[in-house]
Amino acid sequence: MEIKVTKTTNPKPIPQDESTLGFGLKFTDHMFLMDWDEGIGWHDARIVPYGPLEIDPASTVLHYALEIFEGLKAYRTAEGKIQLFRPIENARRMNRSAARFSMPDIPEEDFVEAVKALVDVDSAWVPYGFGTSLYIRPFYFADQVDLALHKVKHYRFVIIVSPSGSYYAEGLNPVKIMIEDEDVRAVRGGTGFTKCGGNYAASQRAGDRAMGKGYSQVLWLDGVERKYVEEVGAMNIMFKIDGVVVTPSIAEGSILPGITRKSILEYLRAKGIPCEERKISAEELMEAARTGRLEEAFGCGTAAVISPVGTLAFKDEVYEINGGKIGETSQWLYDTLTGIQWGKIEDEMGWVVPVK
Ligand code: PLP
Ligand code: COI
């Protein structure tokens, strides 16, 4: 793929105080753009100065939400190298999302090349502190100027990047999660397994309600029986019950197949540590909490990394997990995963990819 690069003549100051970065608040000097037109395919791959996109008020995405996105990070190692974590998995997932919406594929190698090219152009923006990274947000939307829902003939693919710190204000301190029993996020046959903007729109109300009650996010129940726990607003969920790491199975297609989740399961299996992917009912969880067998709970995701859950609530019951402190397995997984990502420990699984 040929990428035309036009550099900004007006660079912004790079944030110096990394402790105030927050998550996804500041953006770099450049962005990647590419267009798709029927009969032509993807064309005009380019890196241009970061700035507003011009969009017609009748554009499909503004009315019918035909939009999908990805999330990955670039990490700076102590030796000054910049590396990505399993970017090909994001490329594959984006194409699985695209297929669900009848959107055209992006060749996996082009996706990874575009990410690398943009991170390289803005490499000075990759923060230095351990725990900070350059969050990469590729997204792609239907841009047909037409209010009738006919076949879409024009799409736009964009990548923006943001120097970021921790996703939750709590950092590695445990978060409070409540099981949502009113709204549902996804149903079988729906779009739960995709990373589409609409899934997050449908989650907003429950998330706001939970925040109003002092919780960080909700843990969704399945949309059919409303019995089995699925995932949290911005991360997958894992529990340690009776010494075994268990996580909801993604077989029904209503849960986002997280790359962090997949990596943790692969790592646990490689180390011979017991783990299970299966249905977990809210009742099973609460019973394990009541009887002290729920040893740990943690969310996992690109933005969230490993986020220990210190409080779990369902209806009128509220339980503190592991005394509200991070558990041994959660801490070990956090250290291992971040160690690999920031190049502090050997990448024995072959997951990291240098930008150059
Ligand atoms: N589930 C949801 C709803 C998410 O938004 C995310 C974040 O991307 C995840 C799970 C975790 O996925 P990953 O580990 O690929 O970031
Ligand atoms: C990510 O972890 O990359 C996500 O997309 C979650 C998002 C809600 C910040």
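This is a predicted model: local features need pLDDT of at least 70, side-chain atom pairs count only at pLDDT 80 or more; totals for chains, interfaces and linings use all residues.
Me: Why is helix H5 called roughly perpendicular to helix H7?
Reply: Helix H5, residues 259–270, and helix H7, residues 328–341, pack at an angle of about 105 degrees, with their axes 12 Å apart. Angles of 65 to 115 degrees count as roughly perpendicular, and therefore H5 is described as roughly perpendicular to H7.

Me: Which residues of H5 and H7 meet?
Reply: On the H5 side the residues are Thr260, Ile264, Tyr267 and Leu268, and they meet Trp332, Leu333, Thr336, Leu337 and Ile340 in H7.

Me: How do the residues of this contact divide into nonpolar, polar and charged?
Reply: The contact of H5 with H7 has 7 nonpolar residues, 2 polar residues and no charged ones. Tyr and Trp are counted as nonpolar under the classification used here, so Tyr267 and Trp332, which both belong to the contact, fall on that side.

Me: What makes the approach of glutamate 231 to ligand 1 a polar contact?
Reply: A polar side-chain atom of glutamate 231 lies 2.5 Å from a nitrogen atom of ligand 1, and because a pair of N or O atoms within 3.5 Å counts as a polar contact, this pair qualifies. Oxygen atoms of ligand 1 also take part, with a polar side-chain atom of lysine 195 at 2.7 Å and an N or O atom in the side chain of threonine 302 at 2.6 Å. Taken alone, ligand 1 exposes 380 Å², of which the protein buries 97%.

Me: Which residues have polar atoms beside an oxygen atom of ligand 2?
Reply: Among them are tyrosine 135, with a side-chain N or O atom at 2.5 Å, and lysine 195, with a polar side-chain atom at 2.7 Å, while alanine 303 places a polar backbone atom at 2.8 Å. Ligand 2 taken alone exposes 280 Å², and the protein buries 88% of that.

Conventions
Residues are numbered from 1 along each chain as its sequence is written. Chains are lettered from A and ligands numbered from 1 in the order in which they are written. Side-chain values use heavy atoms; hydrogens and water are left out. Axes are lines fitted to C-alpha atoms, for helices over the stretch in contact, and angles run from 0 to 180 degrees between N-to-C directions. Helices (H or I, at least four residues) and strands (E, at least two) are DSSP runs, numbered from the N terminus. Angles under 35 degrees count as roughly parallel, over 145 as roughly antiparallel, 65 to 115 as roughly perpendicular and the rest as oblique. Contact means heavy atoms within 4.5 Å. A polar contact is a pair of N or O atoms within 3.5 Å; within protein, one must be able to donate a hydrogen and the other to accept it, and residues adjacent in sequence count only if both atoms are side-chain atoms. Accessible areas come from the Shrake-Rupley method with a 1.4 Å probe; for residues, only the protein chains shown count as cover.
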